[in-house]
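Please read the points below with the structure open beside you. They are numbered so that each can be checked on its own.

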Amino acid sequence: MAFSRSKILPIAVVVLRVLLGGIFIYAGYVKLVEPWQLFAAGIADYEVVPLWAAKFLAHTLPWFEVLVGLLLIVGRWLRTSSVSISLLLLVFFSLMVRAFAGGKEINCGCFGPNELISWKTLVRDGSMLAASLFVTFFAFRNRRTPV
Amino acid sequence: MKMFALALALMLPTFASAQQGKSMGNPNAPLRMDLFDDFTCPHCKMLHEQMLPRIISDFVTPGKAYLVFHEFTLTGPGHEHSKTASMYAAAAARVGKYMAVCDALFATQSSWAVSGKVWEAVAPALSEAERKKVQALMSDPSIAAEVQKDLDQGMAARVDRTPTMVMTRKGKVTPWSSWADYGLFKSMADLLLSK
């Protein structure tokens with residue numbers, strides 16, 4: 001029995017939503033269980049925001065990651081959560097590419113401390129960005145498709 | 001994860017004994033700070049000259065922390081004379097002049113790191129008798145071994161850049177290598193002390 005494209009795509013979208021949502025919940029959780037100073041230091045190392053903003057983000061961003069992760073999994077406010085995750089990943093990925101291209105040897109800050117930015121982290125976050133754009137596209141397309 | 005835990009377990013006993021003359025404060029202080037840095041690293045110079053005095057006055061002098069210095073000798077372009085500087089510092093520690101030689105090396109980093117005239121930076125920090133002892137110690141294999149041991153300890157502690165301060169409190173190891181703001185480091189150290 002062959003699956004048609006129309007059946008595979010919705011399943012793929014749900015699988016990607018659960019994967020991405022789970023990853024975001026995990027990313028938020030590991031930052032919340034560590035002292036906030038470690039994440040603030042990680043943000044400050046990118047040298048794109050002032051220190052007060054790094055401290056503010058260290059206190060708030062992990063909670064936001066958990067929230068949008070949960071929303072993406074349960075499917076509530078799907079367009080809002082998928083756009084939020086895509087924008088977050090776009091910012092994270094751009095900052096990582098900028099730091100890597102500039103030769104900065106700093107922690108990625110993705111899943112807690114002690115993970116230097118490398119080709120591996122770039123490929124991983126780039127793949128997550130592609131997946132989230134895919135989910136976002138379908139979140140908007142399904143809205144317009146007549147039932 | 002198990003490998004990391006094993007590495008830490010193997011590392012902790014060696015951390016327990018600081019090398020002669022390369023520590024400050026009370027060894028029984030509640031917080032242990034192991035500083036891994038390199039004499040050719042510009043960020044290490046900044047830390048040594050601007051933040052280390054504050055760390056000493058805020059944590060070491062009041063007896064809150066025991067500070068241990070380690071040479072995390074870098075290699076590659078720009079660090080050609082790093083090992084020589086580390087060896088001079090280790091030798092100076094044997095005559096009780098570690099900090100004086102560190103001060104001298106960091107103060108003149110931009111010249112000797114390029115010219116390779118490390119001794120010219122070290123000598124003024126020593127008396128005539130100490131100069132002779134330090135020069136003799138440079139051919140002692142235990143000095144090179146000591147420098148290598150520092151590097152090995154840093155690798156075991158997963159130090160991936162300099163300067164890194166590895167803070168240990170009640171067995172929990174917290175590496176810190178962000179020096180954009182002293183307040184953030186102080187906040188982290190205070191938090192560890194409050195636990």
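1. Helix α2(A) is largely enclosed by the rest of the structure, because 9 of its 10 residues are buried. The cut-off behind this is that a residue counts as buried when its relative accessible area is under 20%. The buried residues of α2(A) are A:Gln37, A:Leu38, A:Phe39, A:Ala40, A:Ala41, A:Gly42, A:Ile43, A:Ala44 and A:Asp45. Just after this helix, A:Glu47 has a positive phi of about 55 degrees. Please keep in mind that this is a predicted model.

2. Chain A has 5 helices and 0 strands, and its elements follow the order α-α-α-α-α from the N terminus. Its C-alpha trace spans about 50 × 30 × 25 Å along the principal axes. Of the 147 residues of chain A, 41% count as buried. Among the contacts in chain A with a separation of 6 or more, 66% are made by residues 24 or more positions apart. The accessible surface of chain A is about 8,400 Å², and carbon and sulfur atoms hold 70% of that surface.

3. The size of an interface is often given as the accessible area lost when the parts come together. Between chain A and chain B the buried area is about 1,300 Å², with 60% of it from carbon and sulfur atoms.

4. Polar links across the interface come next. The rule finds 5 residue pairs in polar contact between chain A and chain B, both residues being at pLDDT 80 or more.

5. Which residues form the salt bridge between the chains? The rule finds 1 salt bridge across the interface of chain A and chain B. The side chains of A:Asp45 and B:Arg161 form a salt bridge, with 3.5 Å from N to O. A:Asp45 is also one of the buried residues of α2(A). B:Arg161 counts as buried because its relative accessibility is 11%.

6. At 30% relative accessibility, B:Asp160 counts as partly exposed.

7. Over all chains, the structure holds 14 salt bridges. One of them joins B:Lys22 and B:Glu71, whose closest N and O atoms are 2.8 Å apart. B:Lys22 lies in the loop between α1 (2-15) and β1 (23-24) of chain B and B:Glu71 in strand β3 (residues 65-71), so the pair ties together parts 49 residues apart in sequence. B:Lys22 counts as buried, with a relative accessibility of 1%, and B:Glu71 is buried with a relative accessible area of 1%.

8. Another salt bridge in chain B joins B:Glu130 and B:Lys97, with the closest N and O atoms 2.9 Å apart. This pair links distant parts of the chain: B:Glu130 is in helix α7 (residues 128-137), B:Lys97 is in the loop between α3 (82-94) and α4 (98-107), and the two are 33 residues apart. B:Glu130 is buried, with a relative accessible area of 15%, whereas B:Lys97 counts as partly exposed at 25% relative accessibility.

9. Is B:Thr40 buried or exposed? B:Thr40 is buried, because its relative accessible area is 7%. Its place is in the loop between β2 (31-37) and α2 (42-60) of chain B. The side chain of B:Thr40 makes a polar contact of 2.3 Å with the side chain of B:Asp38. A polar contact of 2.7 Å joins the side chain of B:Thr40 to that of B:His79. Leaving aside residues up to four places away in sequence, B:Thr40 touches B:Gly78, B:His79, B:Ser82, B:Gln109, B:Trp112 and B:Ala113.

Note on methods. Residues numbered from 1 in each chain as written. Chains lettered and ligands numbered in written order. Heavy atoms only, no water. Buried area = accessible area lost by both parts, 1.4 Å probe. Salt bridge = Lys/Arg side-chain N within 4 Å of Asp/Glu carboxyl O. Polar contact = N/O pair within 3.5 Å; in protein donor to acceptor, adjacent residues only side chain to side chain. Helix = DSSP H or I, 4+ residues; strand = E, 2+ residues; numbered from the N terminus. Buried < 20%, exposed > 50% of the residue type's maximum accessible area, 1.4 Å probe, protein only. Contact = heavy atoms within 4.5 Å. Areas by Shrake-Rupley, 256 points an atom, 1.4 Å probe, with all protein chains shown as cover.
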